[in-house]
Amino acid sequence: MSVEHHDLIHEFPEFRDRIHELKMGDAHFRKLFDEYHELTRSIENMENEVTPVATHTEEQAKVRRLHLKDALYCMLNAAAG
């Protein structure tokens, strides 16, 4: 099964420069960014069955990633204004 990549640059290519700026200049954004990408790697391992887990565990991780993505998107939009 092919696993779709969910890194922020693929998710929000229009914010490529802003993502870099916020990673360098905003500690809170950087913390959420790092957590998002670590969780994404973990989910990809679950999807590829490198790390076998219960379906519920995988779904909870995906919900957490979605919440992180929403928070990061809000920060990117706020920085755009």
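Predicted model: local features only at pLDDT ≥ 70, side-chain atom pairs only at ≥ 80, totals over all residues.

Biologist: How far is R41 from D70, going by C-alpha atoms?

Modeller: Their C-alpha atoms are separated by 18 Å, and the two residues sit 29 residues apart along the chain.

Biologist: OK, zooming out. How many helices and strands are there?

Modeller: The secondary structure comes to 4 helices and 0 strands. Read along the sequence, that gives α-α-α-α.

Biologist: What box do the C-alpha atoms fill?

Modeller: Taken along the principal axes, roughly 40 × 20 × 15 Å. The protein has 81 residues, and 31% of them count as buried.

Biologist: What share of the contacts comes from residues 24 or more positions apart?

Modeller: If you take contacts with a separation of 6 or more, residues 24 or more positions apart account for 70% of them.

Biologist: Switching to helix packing. At what angle do α2 and α3 cross?

Modeller: Roughly 110 degrees, and their axes come within 6 Å. Here α2 is residues 16-25 and α3 is residues 27-47. Angles of 65 to 115 degrees count as roughly perpendicular, so α2 and α3 are roughly perpendicular to each other.

Biologist: Is that crossing left-handed or right-handed?

Modeller: The crossing of α2 and α3 is left-handed.

Biologist: Which residues meet there?

Modeller: From α2 you have I19, L22, K23, M24 and G25, and they meet A27, F29, R30 and F33 of α3. By class, the contact of α2 with α3 has 6 nonpolar, 1 polar and 2 charged residues.

Biologist: And how do α2 and α4 pack?

Modeller: Their angle is about 100 degrees, with the axes 10 Å apart. That makes α2 roughly perpendicular to α4. On the α2 side the contact is made by R18, I19 and L22, and on the α4 side by M75, L76, A79 and A80.

Biologist: What's the class breakdown for α2 with α4?

Modeller: That contact has 6 nonpolar, no polar and 1 charged residues.

Biologist: Now the inside. Which residues touch the most other members of the largest nonpolar core?

Modeller: The core has 16 residues, and L8, I19, F29, F33, L72 and L76 touch the most other members. The elements giving two or more residues to this core are α2, α3 and α4, where α4 is 55-80.

Biologist: Which of them gives the largest share?

Modeller: α3 does, with 7 residues.

Biologist: Last one: what is F33 in contact with, leaving aside its neighbours within four places in sequence?

Modeller: F33 is in contact with L8, I19, K23 and L72.

Technical notes:
Residues numbered from 1 in each chain as written. Heavy atoms only, no water. Axes fitted to C-alpha atoms, helices over the stretch in contact; angles between N-to-C directions. Parallel < 35°, antiparallel > 145°, perpendicular 65-115°, else oblique. Left-handed = near helix turned anticlockwise from the far one by under 90°. Contact = heavy atoms within 4.5 Å. Nonpolar A, V, L, I, M, F, W, Y, C, P; charged D, E, K, R; others polar. Core = buried A, V, L, I, M, F, W, Y, C linked by side-chain atoms within 4.5 Å. Buried < 20%, exposed > 50% of the residue type's maximum accessible area, 1.4 Å probe, protein only.
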